[in-house]
Amino acid sequence: MCMYPVICNVVFEHTQLVIMEWMLWASGFSASSTAEDVTQGIDGTGLTSIVTGATSGIGFETTHVLASHGVHVVMAVRNTKSGKKVKEAIVNEIPTAKVDVMELDLSSLASVRKFAAEFISSSLPLNILIYNPIYAYGQSKPANILHAKELTKHFKESGVNITANALHPGSIAINLLRYHNIINGENPDPSKLVYLHHFTGFFVQNLALFLIQGAATTCYVSLHPQIKGVSGEYFMDNNIAQPNSYAMNAELAKELWDISLTMVAP
Ligand SMILES: NC(=O)c1ccc[n+]([C@@H]2O[C@H](COP(=O)([O-])OP(=O)(O)OC[C@H]3O[C@@H](n4cnc5c(N)ncnc54)[C@H](OP(=O)(O)O)[C@@H]3O)[C@@H](O)[C@H]2O)c1
């Protein structure tokens with residue numbers, strides 16, 4: 001399974017330097033764009049997406065936005081009780097939303113295999129896989145970028161029309177976690193988040209804003225036609241960004257790939 005695959009067809013014909021300068025302006029979106037801004041007018045009907053960690057935070061808002069654009073979202077969650085509450089809240093707000101809940105604990109390879117088998121047996125297509133929750137920081141974030149780059153290499157070699165990109169939810173999202181924990185405690189009831197827009201008070205309204213901005217880059221990379229054909233890139237604030245040199249090292253990417261294959265071998 002890949003990390004953030006999207007369907008793509010844009011071809012860049014500039015030198016890398018020009019591309020990076022151009023990209024800062026290319027999308028027309030910025031750090032303050034919301035998930036709704038970056039998906040405005042896009043019809044996702046007919047697409048199926050798996051969103052892991054969909055019960056709270058960025059995963060929740062991503063599910064909400066994709067479903068509101070007609071995407072059939074499979075919420076892959078470790079806590080199915082929370083997942084069902086979130087699904088219910090989304091369907092109450094958007095009666096046409098297609099949302100399913102399936103159990104997946106990413107910390108268990110047995111659970112990942114069980115989920116994959118169940119998903120395959122559902123015969124649903126998989127157009128967009130959003131591999132969202134990753135708690136570890138430090139090396140894990142460049143590892144995501146290295147993985148997207150190596151996966152892109154393998155996709156190209158195999159001639160398959162699949163893309164993989166990595167992203168950072170943006171500087172604004174950092175605030176989200178802080179405020180989210182203050183308001184909701186360590187184990188917030190995720191279904192409450194659906195109703196944030198209806199609450200009054202400056203503080204909570206700003207939390208809702210951080211949430212929809214925090215999910216923007218994920219929704220942009222998942223759905224926006226500008227990303228068609230783009231693969232192996234790193235996104236931040238709804239634009240292609242330049243990761244540090246560590247995350248660009250092709251040898252490291254291959255090493256990580258080989259180690260990962262050994263770790264997940266049955
Ligand atoms: N928020 C930020 O400021 C920020 C900034 C930079 C990067 N990021 C990155 O953006 C991504 C999303 O961040 P976030 O803050 O919204 O969420 P998060 O805290 O990383 O993830 C929360 C969601 O992940 C689920 N989850 C946790 N462990 C899981 C597991 N083992 N298996 C399946 N699901 C699991 C949680 O489910 P439960 O309901 O069961 O707990 C919850 O739905 C993460 O990769 C994070 O590192 C976030």
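Me: Which strand do three bridges join to S1, and in what sense do they run?
Reply: Strand S4 (residues 128–130); the two run parallel. Strands here are DSSP runs of E with at least two residues, helices are runs of H or I with at least four, and both are numbered from the N terminus. Two strands pair if DSSP finds at least two bridges between them.

Me: What stands opposite isoleucine 50 there?
Reply: Leucine 129 in S4.

Me: What's the numbering and the source?
Reply: Residues are numbered from 1 along each chain as its sequence is written. The model is predicted: local features need pLDDT of at least 70, side-chain atom pairs count only at pLDDT 80 or more, and totals for chains, interfaces and linings use all residues.

Me: And how many bridges between S1 and S2?
Reply: Five, in the parallel sense, with S2 covering residues 72–77. Valine 51 stands opposite methionine 75 in S2.

Me: Why is S1 called largely enclosed?
Reply: Because five of the five residues of S1 (residues 48–52) are buried, that is, each has 20 or more other C-beta atoms, placed from the backbone, within 10 Å of its own. Thr48, Ile50 and Thr52 are on one side, Ser49 and Val51 on the other.

Terms used: Buried ≥ 20, exposed ≤ 12 C-beta atoms within 10 Å, placed from the backbone.
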